[in-house]
Amino acid sequence: MIWKFSGTLDFEGSYDVTRDTIMEYTAYRVLPLDETCREWNRKYILPIGYELNNMFLTDWSEEDFGALDFYDAFDLFYRENHMENGEFTAGNAMGTSAVYLISKEKFESVIMSRFQIGSEVLQSKTVYHPEEKVYEYKPRGVEEAEYPEYPYPEVVGYVKNNDGTVTLKVQAVFPYKGLSKLYTHEVTVRDMEDGSIQYVANRVTEPPNEAEASWHVPRLTRTEWEKLYGGDE
């Protein structure tokens with residue numbers, strides 16, 4: 001449980017400078033988190049977070065990946081192992097109609113390192129060119145930039161499942177909105193023998209309202225992208 005306190009911050013001349021009210025927020029955790037919750041948050045949830053992806057914002061599972069965006073997932077997990085390599089980044093193509101063709105082997109190796117998914121399912125969720133055996137990939141552009149204030153996750157409970165997976169109960173804390181629980185979701189994860197992690201499912205149990213989740217901007221659809229850039233590829 002987190003208690004929040006808020007109030008105005010005043011300084012001489014503040015009205016002349018800002019013409020607005022400046023708010024200060026302080027949050028105090030009253031009930032401490034279990035150390036296992038803290039550790040699993042650092043291991044499984046914080047590396048993903050809520051920035052530039054919808055892994056924890058939508059319902060999906062290994063049986064039905066739903067609206068999970070695999071291009072944002074590719075960004076996350078490719079960057080994790082290729083920090084020095086900027087070939088597939090918005091920085092190289094910001095505001096342009098850049099299109100990359102990524103080999104089947106490279107794209108699938110990144111996604112399948114974190115999800116138990118077959119090639120056919122992944123291809124149905126993306127744009128795949130079977131003749132060339134490449135995935136079409138477009139970096140996020142300026143139209144897909146997000147508001148730079150994000151919630152952060154806290155694991156507040158967990159269940160060890162009979163199949164060896166663990167389901168984590170996660171609350172999104174959003175200081176910018178003054179919310180100690182923006183929404184709640186459950187993330188199921190699987191530890192692999194080689195030490196890697198697979199993400200098995202996410203389920204939103206207490207959804208946020210639309211205004212509170214307004215920081216997230218999904219990628220352009222294919223139709224939106226073609227309308228914006230004239231379909232020139």
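The exercises below work through the sheets and the nonpolar core of a predicted model.

In this predicted model, local features need pLDDT of at least 70 and side-chain atom pairs count only at pLDDT 80 or more, while totals for chains, interfaces and linings use all residues. Residues are numbered from 1 along each chain as its sequence is written, and side-chain values use heavy atoms, with hydrogens and water left out.

**Exercise 1.** Determine how many helices and strands the protein chain has, and what share of its residues is buried.

*Solution.* Helices (H or I, at least four residues) and strands (E, at least two) are taken as DSSP runs, numbered from the N terminus. On that basis the protein chain has six helices and ten strands. Buried means under 20% relative accessible area, with exposed over 50% and partly exposed in between (1.4 Å probe, protein chains only); 39% of the 233 residues count as buried.

**Exercise 2.** Work out the strand order of the five-stranded sheet and locate its edges.

*Solution.* Two strands pair if DSSP finds at least two bridges between them. The five strands form an open, antiparallel sheet in the order S3-S10-S9-S8-S7, and its edge strands, each pairing on one side only, are S3 (60-61) and S7 (152-160). Within this order, S9 and S10 pair over eight bridges in the antiparallel sense, and Asp191 has Ile197 in S10 as its bridge partner. Helix H2 packs on the sheet, touching S7, S8, S9 and S10, and its direction makes about 110° with that of S7; contact here means heavy atoms within 4.5 Å, and axes are lines fitted to C-alpha atoms, for helices over the stretch in contact, with angles from 0 to 180 degrees between N-to-C directions.

**Exercise 3.** Describe the three-stranded sheet and the helix that packs on it.

*Solution.* The order is S4-S6-S5, open and antiparallel, with S4 (100-103) and S5 (127-129) as the edge strands. The twist averages 35° from one strand to the next. S5 and S6 pair over three bridges, and Val127 stands opposite Glu136 in S6. H4 touches S4, S5 and S6, its direction making about 75° with that of S4.

**Exercise 4.** Identify the residues that touch the most other members of the largest nonpolar core.

*Solution.* Such a core is a set of buried Ala, Val, Leu, Ile, Met, Phe, Trp, Tyr and Cys residues joined through side-chain atoms within 4.5 Å. Of its 42 residues, Met55, Phe56, Phe77, Ile111, Phe115 and Tyr199 touch the most other members. H3 gives the most to this core, with seven residues. Leaving aside residues up to four places away in sequence, Phe77 touches Ile48, Met55, Val110, Arg114, Phe115 and Tyr199.
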